[in-house]
Amino acid sequence: MSAPTDIRSLTLAQLGDFVSALGLPAFRARQIFAWVHARGVTSTDEMTDLSKALRAELAERIDLAPLAVDAVQRSSDGTRKLALRCHDGQRIESVLIPTADRLTQCISSQVGCALGCRFCATATMGIRRNLTPGEIVDQVYRARALLDAEREAGTWPPAALPTAPHEISNLVFMGMGEPMANLDNVLAAVEILGEDHGANFSSRRITVSTVGLVPGIETLGQKNRHVGLAISLHATSDDVRDDLMPVNKRWPLDKLMAALRRYPLPRRRRITFEYVLLAGINDTPADAKRLPKLLDGIPAKLNLLPYNPCRADQPDLLRPDDAAVEGFAEALRRKGINTTVRKSRGLDIDAACGQLVLQNPPRAARAPAQGAASS
Ligand code: SF4
């Protein structure tokens, strides 16, 4: 018999083909899909509306092994970081970030990353492999299972955020990896998550982030323009961007911004620009002047992220002080740019933006770094 099929990676249409190849009627695909993606079962034994004989047959033919939860770290601000292990032993991380009225999950698309951004901890791992669609969606199901267990134990909502939602409201592909370097699997995962027979997670609540792989941006615009698009910009000149993000040598700012101006953005939607602030490198008055020109003509919102130091091998990368951050933000607001300074979340468990890297064993929660968070 052939190797068991990883059905968590199949879209509903693909599962329909799989089920029909087994000689089963089409409605079985919807039943099985709902068990896997709406109820999150991890064994055919739990599919109680299938006959025992069919459950036994499926158990032989399908692989439903979930990601193993190696560790959960809990931040004093309510953030949860899950260390997850794939079937081949590779480990990834996924982060739940609550606010008073949102619960966002930051998910990984690759084990490690090939793109080598200087400010990013994941870059130190290099690329190990792409995640399958099943491994991407299962990060959501393991997080849901964690929330169920925490609600039962009375630890959710977290004490720091008593009004935090009970269910995940938004997904962002901003964990380990460059989503556009694994775009087929990311798009399949978005399709699977969006099925109303499954998790019913509409594309509008999902954001895909990229450092600027232009062909991937174009493909996303053709295949699913309703997914939110976020661009990791981080510099206003090619010199600085080349130095921080080697991808810029392949797709420099003029090519990236031209692709974004062509992007078929739905009405009333904006492209989010992420901008890690590095003292003296990309937070100068000249940057504050160039940034509005770069964004001109693009419906945009800008998130400023004061750098979370995470690379001992990059000692020149420093976090600006709060006054410098606020001054930069104000200069942009005066130019009419919709600008937010993002609070760092989960700093005490290395779950903040750019800090996801495998540690073995995971570090225990530490006290938050003094003065590290800003608003
Ligand atoms: S910032 Fe993103 S693209 Fe750059 S190295 Fe890190 S994970 Fe890769």
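Helix 11 (residues 322–334) buries Val325, Phe328 and Leu332; buried means 20 or more other C-beta atoms within 10 Å of a residue's own, with C-beta atoms placed from the backbone. These residues cover an arc of only 70 degrees around the axis, so they sit on the same side of helix 11. The arc is taken from the directions from the helix axis to the C-beta atoms. Ala323, Glu330 and Arg334 are exposed on the other side, where exposed means 12 or fewer such atoms.

This is a predicted model: local features need pLDDT of at least 70, side-chain atom pairs count only at pLDDT 80 or more, and totals for chains, interfaces and linings use all residues. Residues are numbered from 1 along each chain as its sequence is written.

What covers the buried side? The cover includes strand 12, helix 10 (285–295), strand 13 (300–306) and strand 14. Contact means C-beta atoms, placed from the backbone, within 7 Å. Helices (H or I, at least four residues) and strands (E, at least two) are DSSP runs, numbered from the N terminus. Just after helix 11, Gly336 takes a positive phi of about 85 degrees.

Pairing takes at least two DSSP bridges.

Ser232 has Glu274 in strand 12 as its bridge partner.

Definitions and conventions
Two residues are in contact if their C-beta atoms, placed from the backbone, lie within 7 Å.
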